[in-house]
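Subject: Structure handover

Dear colleague,

Here is the structure for your files.

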Amino acid sequence: MDDEEDERTISIGKHASVGGFHVIVVADGQAVTHPLPSVGQISIGRFTGSKLVIDHDTLSRMHAIVRITPDDMTIEDLGSANGTYVRELRIKPGIQTPFSTGDVVRCGDVILIFRF
């Protein structure tokens with residue numbers, strides 16, 4: 001694994017520094033933070049080409065995409081097997097669904113909380 005890939009990969013138990021915009025990833029009773037850009041597109045999944053790689057059995061290789069603009073944030077499920085949820089409501093694949101910082105977003109059994 002190269003250094004660039006290591007910086008993008010979330011491994012439960014690995015600690016990341018918190019500053020600026022970040023996501024808290026909770027899985028299997030453990031939490032870790034990961035810094036994020038304040039604007040842009042973040043692909044989430046087990047695929048090593050994802051911007052946010054989370055190695056968890058309930059995530060699809062290409063699970064979801066988060067889009068962040070200065071005005072809002074959306075998440076789009078990419079047809080994942082275990083679904084994507086915003087505030088515990090399952091979202092339909094292919095639909096950009098808005099959410100806010102602090103909302104609980106769940107991909108499979110992995111909880112994501114986006115924070116500034």
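This is a predicted model: local features need pLDDT of at least 70, side-chain atom pairs count only at pLDDT 80 or more; totals for chains, interfaces and linings use all residues.

Residues are numbered from 1 along each chain as its sequence is written, and side-chain values use heavy atoms, with hydrogens and water left out.

Overall layout

The protein has 1 helix and 12 strands (DSSP runs numbered from the N terminus: helices are H or I of at least four residues, strands are E of at least two). In sequence order the pattern is α-β-β-β-β-β-β-β-β-β-β-β-β. Of its 116 residues, 42% count as buried (buried means under 20% relative accessible area, exposed over 50%, and partly exposed in between, with a 1.4 Å probe and protein chains only). Among contacts (heavy atoms within 4.5 Å) between residues at least 6 apart in sequence, 38% join residues at least 24 apart.

Salt bridges

The whole structure holds 3 salt bridges (a side-chain nitrogen of Lys or Arg within 4 Å of a carboxyl oxygen of Asp or Glu). Glutamate 76 pairs with arginine 67 at 2.7 Å, N to O; glutamate 76 is buried because its relative accessible area is 13%.

Aspartate 103 pairs with arginine 87 at 2.6 Å, N to O. Aspartate 103 is in the loop between strand 10 (97–99) and strand 11 (104–107), and arginine 87 is in the loop between strand 8 (84–86) and strand 9 (89–90), 16 residues apart.

Arginine 106 meets glutamate 88 at 3.0 Å, N to O. Arginine 106 lies in strand 11 and glutamate 88 in the loop between strand 8 and strand 9, so this pair ties together parts 18 residues apart in sequence. Arginine 106 counts as buried at 17% relative accessibility, whereas glutamate 88 is partly exposed at 48%. The charged end of arginine 106 also sits over the ring of tyrosine 85, 4.0 Å from its centre (NZ of Lys or CZ of Arg within 6 Å of the ring centre and within 35 degrees of the ring normal).

Aromatic rings

There are 3 aromatic pairs (rings of Phe, Tyr and Trp, the last by its six-membered ring, with centres within 6.5 Å; planes under 30 degrees apart are stacked, over 60 edge-to-face, the rest tilted). One of them is the tilted pair of phenylalanine 21 and phenylalanine 116, 4.4 Å centre to centre with 35° between the planes. Phenylalanine 21 is buried at 4% relative accessible area, while phenylalanine 116 is exposed at 63%. Phenylalanine 99 and phenylalanine 114 have ring centres 5.2 Å apart and planes at 50°, so that pair is tilted. Ring pairs link Phe21, Phe99, Phe114 and Phe116 into a cluster.

Two surface sites

Phe47, Met62 and Leu78 make a nonpolar surface patch of about 260 Å² (residues with over 30% relative accessible area and no salt bridge; nonpolar side chains, meaning Val, Leu, Ile, Met, Phe, Trp and Tyr, are joined within 5 Å, and like charges within 9 Å). Phenylalanine 47 is partly exposed at 32%.

Alanine 31, in strand 3 (residues 30–35), is partly exposed at 48%.

Regards

Key
Accessible areas come from the Shrake-Rupley method with a 1.4 Å probe; for residues, only the protein chains shown count as cover.
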